[in-house]
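Here is a short tour of one protein model. Take a look at the sequence and the fold first, then read on.

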Amino acid sequence: MATSTNQNTKMETVSQETDDGFIPRKTKSRKRKLQKEQTDDPQSMETSESAPKRPVFPPISGDKLTGGKTELRKIAVPANRYTPLKDNWMKIFTPIVEHLHLQVRFNLKSRNVEIKTCKETKEIGALQKAADFVRAFTLGFDVDDSLALVRLDDLYLESFQVQDVKPLKGDHLARAIGRLAGKNGKTKFTIENVTKTRIVLADSKIHILGSFQNIKVARTAICNLILGSPPSKVYGNLRTVAARSSERF
């Protein structure tokens, strides 16, 4: 009987091979295999969980960034700013040397403020900040106002003339400058307070210190006054701009 059962099983396997042409193979699912490998290897679990460390680079000094070369900037000082420069020299000298780590001197022959980089300079933009700071002071701004150019990054200087807006001469030019200043400087102070800028009126030249958006608002108000619009209308426009800015923030 045993021989007959063995013969039957052999016949079944032969029939499977002849019917399909291939012998069926038992395969395990790949997901189960991967799960088993992960459970077997504790090291693989640790590497997958721990994130790769970030590389740490020490800060490079400004001397190495420039390749060891020293840079020099010269800012010409007009005659009317000699006395204020002499009086406020320590206020100008201290932030440039102590905070920006630069070298500064006033050349008596050429009447220029010379700013120079050194080995202790850490920032690349320190020289440009110091040059903007001194230039703002020479244009007529206060030391505290021009010092904001060193502390903040988004402040700019813009200069233009009355003749750039409208070619005026003689009494017409004088009246335009009077409209810009107002009685006892009232109009200029109003524009400064609303737009959060600082304005210097030096004869027919106008210098504005502030952020990009605030300079744009102040410039449009000044241009409207030069073109002949009354101060009351300019105040109304500034009021609407101030209301919009307060709604944004």
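## After helix α12

This is a predicted model. Start at the residue that follows helix α12: K196 there takes a positive phi of about 60°.

Helix α12 covers residues 186–195. Its buried residues are T187, K188, I191, E192 and T195. Viewed down the axis of α12, these residues fall within an arc of 135°, so they line one face of the helix.

What does the other face carry? The side of α12 turned away from the buried one holds the exposed residues K186 and N193.

## α11 against α12

Helix α11 spans residues 171–181. The axes of α11 and α12 come within 5 Å and cross at roughly 50°. The two helices are therefore oblique to each other.

Which residues meet here? From α11 come R179, L180 and A181. From α12 come K186, T187 and K188. By type, the residues of this contact are two nonpolar, one polar and three charged.

## α6 against α7

Now move to another pair of helices. Helix α6 runs over residues 89–99, and helix α7 over residues 126–139. They pack at an angle of about 170°, with their axes 11 Å apart. Angles over 145 degrees count as roughly antiparallel, so α6 is roughly antiparallel to α7.

On the α6 side, the contact is made by K91, I92, P95 and I96. On the α7 side, A130, F133, V134 and F137 make it. The residues of this contact divide into seven nonpolar, no polar and one charged.

How many aromatic pairs does a search of the whole structure find? It finds two. In the pair of W89 and F93, the ring centres are 6.4 Å apart. The ring planes stand at 35°, so this pair is tilted.

W89 and F93 are four residues apart in helix α6, which means that about one helical turn separates them. An α-helix has 3.6 residues a turn, so residues three or four places apart point the same way.

Notes
Residues numbered from 1 in each chain as written. Predicted model: local features only at pLDDT ≥ 70, side-chain atom pairs only at ≥ 80, totals over all residues. Heavy atoms only, no water. Buried < 20%, exposed > 50% of the residue type's maximum accessible area, 1.4 Å probe, protein only. Arc of directions from axis to C-beta. Axes fitted to C-alpha atoms, helices over the stretch in contact; angles between N-to-C directions. Parallel < 35°, antiparallel > 145°, perpendicular 65-115°, else oblique. Contact = heavy atoms within 4.5 Å. Nonpolar A, V, L, I, M, F, W, Y, C, P; charged D, E, K, R; others polar. Phe/Tyr/Trp six-rings, centres within 6.5 Å; stacked < 30°, edge-to-face > 60°.
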